[in-house]
Each structure stands twice: as structure tokens, then as C-alpha cells.
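Colleague: I would like to know what stands behind the words used for this model. Please take me through them one at a time.

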Amino acid sequence: MFEKAAESPLVQLEQIDALQRLGISYHFEDEIKRVLIKTTHSYNSCNDAWKRNDLYATALEFKLLRQHGYRVPSEVFNVFKDENGGFKACLREDVKGILSLYEASFHLFKGETILEEARDFTTKHLEEYMRVNKDQSADDLVILVDHALELPLHWRMLRLEARWFIDVYGRKHDTNPTVLELAKLDFNVVQSVYLEDLKHASRLELEKNHLMIHIKWWPLILITTDR
């Protein structure tokens, strides 16, 4: 599904991010791996106009590569700092970019102070954004920011996130109907498998408890029978 986006690395990364949040990325493991390998080969190259000075694109790329085990340097965010060493004040206007950096900041290694600073900076401005826009509960960006502040994506359970994101993805103006339908079908199939596993586990537990009751009372039964 990535062929149409061959000339747009950002669109490819957005597709990967959506597939992961929808819980269906495991169907596209080979394609995703090829895209990410290509991304790492061009990382910090001169052919990066698509993300240069773009906080959203830079943070999304960083997050996805870290999620998949690539040790990309956090210094990539230095370009977004001012002469005093803090993140540029103008970034507060780029809510989509700040949200992307917020999610990326949770993929830090010990001692990466720039990501700790990024988390503090983004949390502050996202909370401010929510205070101003708290009445815009139907706005897609407001929904995403509120969800992220409640609990970052890195700390969420994939299946629960998938159920929530299916609804969010379905409201997007650029939704891929085929991907959305696959996500719904996949969720229902996986849910049915989990339910069957739960039924089986419950049945085994009941059988175990029943057996333990027999074992516990068997000596008394023998004594009663002997009498």
C-alpha cells in the first residue's frame, strides 16, 4: 500500500503510524520494514527537504524509528531550539508538531535531557491549548491532544488504542476506506479469538476448582463410606 506514496516519505510515515494505531501493522511488516530501512539510510542526508525545519515530520520520523529499535540521535531536535537553549517560542503555534514531539519524547534513553525538556515544553503548551479549546470537543486535533495528555501512546495497550483510534480515523477527511474496513474486521476477529481463549481459560479454571473440591473432600467421603 506504500507504492503510491513513493515520492513522499512523510505520507509513508503517516501511513505506518496509522496502521500501528489501528492495530493492523502486523499485516504489513515487510512493507513497513522496507520503508523504515530506506528512511534510516537517508537520515541526516542532504535529501531531507520534506522534513527540514518541520517539527511534525521530524518528530514523527524519530518516534517511528525509535519504536522499531533504531537508535537515531535525539540531537535532531536541536534545530528547533533558540540561542538560549530552549525550544523556540514560535513552536507553540504548531500544535500538530508539538503533539508529535510530545509523543516522541517518551521514547528517550537515560540521559537524553533534550527529550526530557521536550516533554516538559510540549506538555505545558498542549495543556494550555486544551484550556483554550476545551469547548471544541468535536475537533479532531482537540480529541487527539486530550487523548495524548490523558496517557501517551507509548504507555497504552495496543488493542484498546486500536478500538479508540478506529473511530477517530473514520472521521478523518483523508481516511482510506479499505484500511478502515480492514481495521474493523481485524479488531472483531482478534476480539473473538480473545473471547474464545477467555472461555477456554474459564472452563479450565472451573474444572480445576471442581477437581480440588473432590480432592479436599475425598478423605471424608472414604471415611463416611467405610462406616
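Colleague: Why is Asn53 called exposed?

Modeller: Exposed is the word for over 50% relative accessible area, buried for under 20%, and partly exposed for what lies in between (1.4 Å probe, protein chains only). Asn53 has 57% relative accessibility, so it counts as exposed. This is a predicted model, in which local features need pLDDT of at least 70 and side-chain atom pairs count only at pLDDT 80 or more, while totals for chains, interfaces and linings use all residues. Residues are numbered from 1 along each chain as its sequence is written, and side-chain values use heavy atoms, with hydrogens and water left out.

Colleague: Where does Asn53 lie, and what is its phi?

Modeller: Asn53 is in the loop between helix H2 (29-41) and helix H3 (55-67). Its phi is near 60°, a positive value in a residue other than glycine.

Colleague: What makes Glu161 buried or exposed?

Modeller: The relative accessible area of Glu161 is 4%, so Glu161 is buried. The residue is part of helix H7 (residues 158-171). Apart from neighbours within four places in sequence, Glu161 is in contact (heavy atoms within 4.5 Å) with Arg21, His147, Leu153 and Arg156.

Colleague: How many helices and strands does the protein chain have?

Modeller: Eight helices and zero strands, which gives the pattern α-α-α-α-α-α-α-α along the sequence. Helices (H or I, at least four residues) and strands (E, at least two) are DSSP runs, numbered from the N terminus. Of the 227 residues in the protein chain, 38% are buried.

Colleague: What makes H4 mostly covered?

Modeller: Nine of the ten residues of H4 are buried. Among them are Val95, Ile98, Leu101 and Glu103. The buried residues of H4 pack against H3, helix H5 (113-132) and H6.

Colleague: How do you know how H3 and H4 are oriented to each other?

Modeller: H3 and H4 pack at an angle of about 20°, and their axes are 8 Å apart. Axes are lines fitted to C-alpha atoms, for helices over the stretch in contact, and angles run from 0 to 180 degrees between N-to-C directions. Angles under 35 degrees count as roughly parallel, over 145 as roughly antiparallel, 65 to 115 as roughly perpendicular and the rest as oblique. H3 and H4 are therefore roughly parallel to each other. Their contact is made by residues including Leu55, Tyr56 and Lys63 of H3 and Lys96, Ile98 and Leu101 of H4. By class, this contact of H3 with H4 has eight nonpolar, two polar and three charged residues. Ala, Val, Leu, Ile, Met, Phe, Trp, Tyr, Cys and Pro count as nonpolar, Asp, Glu, Lys and Arg as charged, and the others, Gly among them, as polar.

Colleague: And why is H4 described as it is relative to H6?

Modeller: Helix H4 (residues 95-104) and helix H6 (residues 140-150) pack at an angle of about 25°, with axes 11 Å apart. That angle makes H4 roughly parallel to H6. On the H4 side the contact includes Val95, Leu99 and Tyr102, and on the H6 side Leu141, Leu144 and Ala148. Eight nonpolar, no polar and two charged residues make up the contact of H4 with H6.
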